[in-house]
Amino acid sequence: MNSQKTTEDLKQRLNREVLLQRMTQRIRNSLDLQEILDATAVETRQFLGVDRVKIYRFNADGSGTVIAEDVQDDRLPRLLGLTFPADDIPPEARERFVRQRVRSIVNVRDRCIGMSPADDAFLPRDYKKLDPCHVEYLTAMGVASSLCLPIIHHDQLWGLLASHHGDPRQYDLPTLQLIQAVVDQVSIAISQSALLAEAHQQQQREAAVNQIVSLLHAQPTIEFSTAIDAAIESLGGQGGQLYILRDSPLRLCRGRQPSFSESSSDISLEQAVESWWHASFPNRDLPLYPLLETANLAEVPQLHPLVEAFSQAQLRGLLALPLHHRQQFLGYLMVFRQEIDLEIWWAGKFDTNRRQERPRQSFEAWKQLNRGQSLPWSDQDRQLARELSERFASAVQQYRLYREVNTLNATLERQVQQRTTQLQQSLHLSQAMAELADQIRSSLDLDEILQTVVHKVRSLLQADRAVVYQVFEGGEGRITVEDIQGNWRSAWGIETPPGCFPEHLEQKYSQSGQARAMDDIETANLTPCHREFLESLQIQANLIVPIHCDRQLWGLIIAHQCGHPRHWSDREIEQVEQLARHASIAISQAELFAKSQRATRTANAKAEQLEKALEELTQTQTQLIQSEKMSSLGQLVAGVAHEINNPVNFIYGNLVHTSEYTQDLLDLLDLYQEHYPQPIEEIGDRIEEIDLEFLVDDLPRMLGSMKLGAERIRQIVLSLRNFSRLDQSELKPVNLHDGIEGTLTILHHRLKAKADRAAVNVVKDYGDLPLVECYAGQLNQVFMNLISNAIDALHPFDKEKAERTIRIHTEQVAENRVAVIIADNGCGIPETVRSQVFDPFFTTKPVGIGTGLGLSISYQIVTEKHHGSFTCISQLGVGTEFRLEIPINQSSTHPQLPNESSTATAKI
C-alpha cells in the first residue's frame, strides 16, 4: 500500500515537473509572447481540470483586457479580447497584489476567500467572508470557485492569471506552488519580450534617425522637405510644419494642414504653441529635450482657437518639438495626427462616465465607439521625437549658418569663403560622425564601444589623451578607458581624490548635460586639490562632455591637451557632444543586451536543474520498480527452494535404505529359488504373471534412476538458493563461478534442444579466480540478464553457422580486478541500437516480453554498486560480447560509509 502511494505521489510530482519543464522549454524556444501566453492558458487549464483559465493584462487607464484564454467545452462564456473596467478590481486589491504578491482562492458557495503571499509555503490559513458584491459578480459570470495569481513585471502589476470553475474546487499546496512557478516563468517571458521589443524599437528609432539625418545632409545645402516627410511618417502623423525663427520667419508645411482663414482665428499656430509652452513650463525649468503633446487639441486651453481649423482638416492630435541649440531657441517642428473612431469591446454594458455602484448582471460583449479621437502619443514616439528634435535643431543651426554665410557673401567674399569652408568641414565631420555612430552601434561589446569612442575623440581633436571617466553608484568613479598619443603618463584606473571634484559641477553634468571646456588650467576656476590632481597627470587644457543613459549621468568623455594650453572651438565641442549622444545610445543598447544575456543564462540554468531533477526522478523510479521486483522474486525463489529441499532430502535419505532393503529381499528370493527350485503351481503362476525375472532386473535400475533424479532436484534447489542469495545481500567474498553455474542450472531448460530449435552449446573457459568481494545476489541478477539475452539473441539463428554457442570466460586481469566475458554467436546488434542498450526502458523485444530495464539495472549494479566497468562489443551477423570488470576487494577501492545501504531498495 505504501509503495502504491509512493508511486502515485511520484507520478503526480512528475506530472507537475513535466508541465513546468514544458512551459520553461516553450519560453526558451519562442520569442512570441502571445504564443507563450496562449500555451500557458491551455496547459494550466488542462492540468487543473477547470472550466476556464484566462490571462488578464492591465491597461494604462487601469482597465484590463483578456489577452489569452482557454475554456472547457463552452462550460463558461468566452471573454477573450474583452476589456473590463478599472472599477472591477479595487485599488486596495491591486496594492495587495503588488506589495504582498498574494494569491487568492475564492469559494462562492461558502462565500469565503483565502489569500497567501507568493513566498509563503502554506495554503491560505484564514478564510475571510467574501464581499456580497464579489459574490454577485462571480455568480453572474457563472463561477463557483476561482484561483487568482498576480503577474509582476518590474515591480508593477502587469496582469493576472485567473482560474474559473463552475463547481466548487479545492487546491492543494503542490498545485498552488506549481501554478506560482508557471506564473514566475510567464513573468520571465514578459521580461524577455519587453527587452526584445525595446531593442526592436530602438533599432527602428535608429534607422529612422539615420534616414532623416541622411536626408538632411544629402546635399551641401540643408534640405528640409524630404526630412520633414520622413519625420511625419516615422511619428505616425498625416501632416506637419517646420517653423524656423529668423528675421523673416520660415514655415515649411508638408502633408495635411489645418484650414486657417482670416476669420477662423486671430492667433497663429506658432503663437498658440508658444503660449502652451509657457503654460507647461512656467519657471522655464526645461528638460534636456522638451516636447509638447496632446491627442485632443480641445483638452489644451491655449489651443482652443485652433480647434475649428484642425477639425475642418480632420486633424486632432498635435506634437510640438521646440528646437534649441545651446539654449538658443530656433523654432518648432510640429506633427499632426488625424481624427479616427476608436472602438472598445467591453465585458458587459455599463456607463463609462460613472463609477459602478453595483456588479454587472451580464458580461456579454458590448462595443463602445468613441468618435473624433486620435491615437495617443507613445513612449516610442516621445523618444524618437526627442532624438529628431536634436537632429533638426542641429540641421536648422547649420541652415542658419549657411544663410548667414550667403548674406555676408555680397560684401565679404573672403569671409564667405571661410564660412563655406567651415560648413563643408562641418558637413564632412557630420558624415564622419554618422559613420562613427554606425560603427559604435554595430557592436554590443561595451569595452569595444568605449575604446572606439576615446580613439575617435583623440584623433578628431588631435589631443594628447582621451579618456572615459565612468561614474558608479554612490558617486564614486574612475577612468576605465583611455587612448594616448605620445609619452604621457597613463591615467587608466585612476580615481578622483575625495573632495577634489566640486559637487556643483557634478550636479551641473547630471542635470543640464552641458560640456565644460578649460583652455588653461592655470587660469581656470579650480580648487587647489583639483588643480594639483590635473597637474599630476600633465594636463594643461581639457574638454569634458557628459554621457547620459536613461537620463542619469553615466560618465564623462574627457580630452586632455598635455603639451600646451588650447582653445576648444564650438565645432569641436559639438562634435564631442554628438559623439557622446551616440555613445549613450550604444552603451544603453550594450547594457540591455548584457542584461538579456544574464536573464537567458539564468533561465537556461533553471531549465537544466529541472531536467536533471527529472532524470534523477526517472532513475529512482526505475530502481524502485526493479528492486521491488527482484526482492519479491528472491523471496519467492528462496521459499520454493526451502519447501522443495525438505521432502527431497527425505526422499534422497530414504533411497539408500530402500536400495539396501531391496537388495536384501532379492538375495532372500535367490536363496528360496536355490533351496526350492520347484515352487507350487500357484507360486509359479504368480511368477509368470508379474514377470519376476524382469522385475528383479529392472528394480535396481529404477532405484538408481530415482536417486539420480533426487540428486538433480537437489542441484536445482542449491542453484536457486545461490541465485537468490538472501543470506548474501551484504558485501562478502564469494566464488563467481558458483553464481554462473547456478544461473546456467536455472536456465538449463532453455539451453536444451526443442522441436523448433537445436540445443545451445555453452563453452565455459574459467580462469583461476580468487574469492571476489561483492553483492552476490545482484551479480547473479547480472549473469541471469546477460545469459538470458544471449539465448534470446540465438533464437533467429543462422543455419549456415556450425552451432548455437554461448561462451563464458573469466580471468584475473589485474592484481585487484577480475573480468567476466559472456559472448554469443547470434545475429549481433546494429550500431544505432548498441549505443542505447544501457538506457532505461529501451528494448528491441516485442511489447509484453521485454521491459528495457535488465541491462540498465545491470549497468548500475556493475558500475555504481561494484565500481567496475561494463562494455558491449557487437558485430552485425557475427555476435555480441558483454565484458564486465570489477575489483576483487571493494573495501579498498571505494570504502562504504557506515550508514550507506547495500541494497538498491534501501538506497532509493
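How much space lies in the second largest cavity of this structure? The figure is about 180 Å³. Please bear in mind throughout that this is a predicted model.

A search of the whole structure returns four cavities of 30 Å³ or more.

I turn now to a sheet elsewhere on the slide. Five strands form an open sheet in the order β10-β9-β13-β12-β11, and their pairing is antiparallel. The edge positions belong to β10 (250-255) and β11 (292-294); each has a single partner strand, so one side of each lacks a neighbour in the sheet. From one strand to the next, the twist averages 10 degrees.

Within this sheet, consider β12 (residues 315-325) and β13 (residues 328-338), which pair in the antiparallel sense over ten bridges. One of the residues involved is Leu321, whose bridge partner in β13 is Leu333.

Finally, two helices pack on the sheet. Helix α7 (residues 269-280) touches β9 (239-244), β10, β11, β12 and β13, and its direction makes about 105 degrees with that of β13. Helix α9 (residues 379-408) likewise touches β9, β10, β11, β12 and β13; the angle between its direction and that of β12 is about 50 degrees.

Key
Residues are numbered from 1 along each chain as its sequence is written. This is a predicted model: local features need pLDDT of at least 70, side-chain atom pairs count only at pLDDT 80 or more; totals for chains, interfaces and linings use all residues. Side-chain values use heavy atoms; hydrogens and water are left out. On a 1 Å grid over the protein atoms alone, a cavity is a set of points where a 1.4 Å probe fits but cannot get out, and a pocket is an open set with protein on both sides within 12 Å along at least five of seven lines; lining residues have an atom within 4 Å of a point. Grid points are joined across faces, edges and corners, and a volume is the space filled by probe spheres set on the points. Two strands pair if DSSP finds at least two bridges between them. Helices (H or I, at least four residues) and strands (E, at least two) are DSSP runs, numbered from the N terminus. Axes are lines fitted to C-alpha atoms, for helices over the stretch in contact, and angles run from 0 to 180 degrees between N-to-C directions. Contact means heavy atoms within 4.5 Å.
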